[in-house]
Structures are given as C-alpha cells and as structure tokens.
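Please walk me through this model, stop by stop.

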Amino acid sequence: MSGALVSAVKVGKHFGQLKALDDVTIDVDAGEVVCIIGPSGSGKTTFLRCINQLERIDSGALWLNGELTGYRRVGDALHPLSESEIARQRRLTGMVFQRFNLFPHMTALENITEGPVRVLKAGKAEAREAATALLERVGLAGKAGSYPAQLSGGQQQRVAIARALAMNPKLMLFDEPTSALDAELVGEVLSVMRDLARSGMTMVVVTHELGFARDVSDRVIFMDHGRVVETGTPSELMRAPKEPRTRDFLRTVLAEGR
C-alpha cells in the first residue's frame, strides 16, 4: 500500500430526520479492494455517493488523493467548492451504478468515448483506440457497434465499467453492480471486476455477493444504520465476526443462500 487514497473522518449525512451516515470513519489505501456489506438502508450507497460528491456531506471531512473534497479551507473557515471544482475532483473516481445508465442512442463504443472526448478533450481517434482496447478488456470486442438495447444486462454493465475506466480514474466505486442482473449474468460482471482488482486498481465495492467479497477484497466493512459496525479481513469478519449484529446479518444472508 502507498498511503490512503480515500480518508473519511466522522462523516455525517442527513436526509430530513433520517441519519443516513453517522460518524463514518474509513481509510482506503491505494491499491486496496474494500467491500462494504450490510442490510438495505445501512448507508452503503450514500457513502459511495458522498465519495463521488453526488451527495454533499453534512459533517466530518472526506479527503481524496490527499485533497479535501467539496470544500476549501481558508484559515479556520470552510468554503464550498464551485461545481467546476467539484467536477475536477470527481474525475479521480469512476462509478458504476446498479442501473447501467448508458446512452440508449449511442453504440457501446460511443458510450465509452463520450467522456474522454467531451471532458478530457481527447482526440477522437485516440479515444476510439482506447475504447476498443477497453471493450476487449471486458470481453466485448465484437460489440463496439451494438446499441444498449441489443446487449444483455451483463454486457451493458461491462460497457458501463469500460466507460468508467475510460476516464483513467484512480479509484473505482461500484454500487451493487450485479443487483439488477439475472443470476446467470452475474458471473461475467464479477469476472471483469476480479481482473480489475488483480490489476491493482483501488476499488470500493458495495455488494451483496459475499463470495466475491471473501475472494477478492483486502478488507470487508459491515455497516448498519449509517455506522461502521465492524471491519476486518474477509476471513476475520466472515468466519469469526466479533459483533453480534454482524453475526446476525451473515447468518441471515447465508440462510438465504447468497
């Protein structure tokens, strides 16, 4: 590890009376794969959205690549960043959502080249070459000219991963990337994510796939009611959890065969 790429300190987030995040403190080292597990409504997705600045935190602080996110400190005061400054910080992250969010009127190749050309100002030929290589990397070399409606859910999600990688992020965020897929399509997406983890990409993955978390992650974090309940290596947390709430959750999930 070469130091913390993400550092969250006592991060809080409210939606009205709902305390979505409650003093969340997490570090993610460069090159580390961290999986976050927990019941629905535990704050997992909200935490990812705060890292990617799709949600503004209400308390605490978040650093990405050593830079305070969302705010600029001047003396003892914090001043919100402009949308353009937030967009600059957000370029360090790639995010893959539950739903694929591909542009339906664009081919797979066009979906991948759109960001580099419009945001990074890459040349069209350069972007097409990089996108072609990414499609091959995710096992879709023959689908460059296909539109999203012509692709299976698993193929669409792999295009979404390639699209995120095209922006050359330092950090990849995955929010339940297989939850919208039919069971037979889950494996092809997880395979791409395993290859990405082996390549050294820093990844934070919200997932209900406990097998993936056990096999791929360096560390697993269990969240409930907006708080970090327990953290440890996959073997520590999944085989011998210390907290009763973690044990109850794992027992329930395993009983459901997940």
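The model is predicted.

**The largest pocket**

Begin with empty space. Rolling a probe the size of a water molecule over the atoms shows where such space is left. The largest pocket holds about 620 Å³. Its lining counts 22 residues; select N52, R90, T93, M95 and M167, the closest of them to the pocket centre. Next, colour the elements that each give two or more residues to this lining: helix 2 (83-90), strand 8 (93-96), helix 3 (108-118) and helix 5. Which helix gives the most to the lining? Helix 3 does, with six residues.

**Q156**

Stay with helix 5, which spans residues 153-165, and select Q156 within it. Is Q156 buried or exposed? Q156 is buried, because its relative accessible area of 16% falls under the 20% limit. Leaving aside residues up to four places away in sequence, show its neighbours: Q156 touches F100, L102, P148 and L151. L151 deserves a distance label, as its backbone oxygen lies 3.3 Å from a polar side-chain atom of Q156.

**The aromatic pair**

A pair of aromatic rings is described by the distance of the centres and the angle of the planes. The structure holds one such pair. Select F222 and F249: the ring centres are 5.1 Å apart and the planes meet at 35°, so the pair counts as tilted. The pair links distant parts of the chain, with F222 in strand 11 (residues 219-224) and F249 in helix 9 (residues 244-255), 27 residues apart.

**R56 and Y71**

Now select R56 together with Y71. The charged end of R56 sits over the ring of Y71, at 5.2 Å from the ring centre.

**H14**

The last stop is H14, in strand 1 (residues 4-15). How exposed is H14? H14 has a relative accessible area of 35%, which lies between the limits of 20% and 50%, so H14 is partly exposed. Display K19, A20 and D58, which H14 touches when residues up to four places away in sequence are not counted. Finally, draw a line from the C-alpha atom of H14 to that of G226: the two atoms are separated by 9.8 Å, although the residues are 212 apart along the chain.

Key: Residues are numbered from 1 along each chain as its sequence is written. This is a predicted model: local features need pLDDT of at least 70, side-chain atom pairs count only at pLDDT 80 or more; totals for chains, interfaces and linings use all residues. Side-chain values use heavy atoms; hydrogens and water are left out. Helices (H or I, at least four residues) and strands (E, at least two) are DSSP runs, numbered from the N terminus. Buried means under 20% relative accessible area, exposed over 50%, partly exposed in between (1.4 Å probe, protein chains only). Contact means heavy atoms within 4.5 Å. A polar contact is a pair of N or O atoms within 3.5 Å; within protein, one must be able to donate a hydrogen and the other to accept it, and residues adjacent in sequence count only if both atoms are side-chain atoms. Rings of Phe, Tyr and Trp (its six-membered ring) pair if their centres lie within 6.5 Å; planes under 30 degrees apart count as stacked, over 60 as edge-to-face and the rest as tilted. A charge sits over a ring if NZ of Lys or CZ of Arg is within 6 Å of the ring centre and within 35 degrees of the ring normal. On a 1 Å grid over the protein atoms alone, a cavity is a set of points where a 1.4 Å probe fits but cannot get out, and a pocket is an open set with protein on both sides within 12 Å along at least five of seven lines; lining residues have an atom within 4 Å of a point. Grid points are joined across faces, edges and corners, and a volume is the space filled by probe spheres set on the points.
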